[in-house]
Amino acid sequence: MRGYSPVVAIELDHPFSTARPIEESYATILDLERVVPCVEGGSVLGTTGPGSVKAEIKVKMGAMSMTFTGTVEIVEQDAAAHRVAMSVKSKEAGGQGHANATVVITLSDGGGTIHTNAQITGKAASMGEGVVVGVLDALIKDFAGKLAAL
């Protein structure tokens with residue numbers, strides 16, 4: 001089929017632990033300038049508003065390297081529940097693909113969980129669900145480790 005772009009939808013959950021007090025961790029998660037670079041290959045290109053940044057991530061998928069640029073925005077924050085939801089919308093540089101996700105970080109004493117619901121299209125999706133899941137899973141595990149150390 002011409003113009004067909006596969007879509008890979010992924011849902012992942014990752015627990016993490018930290019020795020930091022829950023209030024300190026919550027304040028850190030709200031600081032996108034600190035959080036985005038915790039993603040391997042991620043960088044903040046600029047602030048687009050309160051709780052929103054323009055960001056870029058360079059991802060290696062198999063033999064391919066891709067760069068996605070877009071926005072990361074805090075769409076929900078619940079201080080009482082220590083829960084933050086972020087929306088990630090990005091487009092592949094020079095390509096037709098997109099990588100969009102909702103990431104919900106819920107903190108508890110001693111750590112928390114990262115729930116990721118992602119939709120990937122284009123070249124990345126054409127690599128197959130197994131490859132995409134493997135790369136995303138590794139990125140989030142690495143992110144969880146860095147988040148715990150912030």
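User: Leaving aside its neighbours within four places in sequence, which residues is Ala125 in contact with?

Analyst: In this predicted model, local features need pLDDT of at least 70 and side-chain atom pairs count only at pLDDT 80 or more, while totals for chains, interfaces and linings use all residues. Residues are numbered from 1 along each chain as its sequence is written, and side-chain values use heavy atoms, with hydrogens and water left out. Taking contact as heavy atoms within 4.5 Å, and setting aside neighbours within four places in sequence, the partners of Ala125 are Pro6, Val8, Ile120 and Val132.

User: How far apart in space are Ala125 and Pro6, C-alpha to C-alpha?

Analyst: Pro6 is one of the contact partners of Ala125. Although 119 residues separate the two in sequence, their C-alpha to C-alpha distance is 5.9 Å.

User: Is Ala125 buried or exposed?

Analyst: Buried means under 20% relative accessible area, exposed over 50% and partly exposed in between, with a 1.4 Å probe and protein chains only. Because its relative accessible area is 5%, Ala125 is buried.

User: Which residues lie nearest the centre of the largest cavity?

Analyst: A cavity is a set of points, on a 1 Å grid over the protein atoms alone, where a 1.4 Å probe fits but cannot get out, and lining residues have an atom within 4 Å of a point. The lining of the largest cavity comprises 34 residues, and those nearest its centre are Val39, Ile57, Val88, Ala101 and Leu136.

Key:
1 Å grid on protein atoms, 1.4 Å probe; cavity = no way out; pocket = protein on both sides within 12 Å on 5 of 7 lines; lining within 4 Å.
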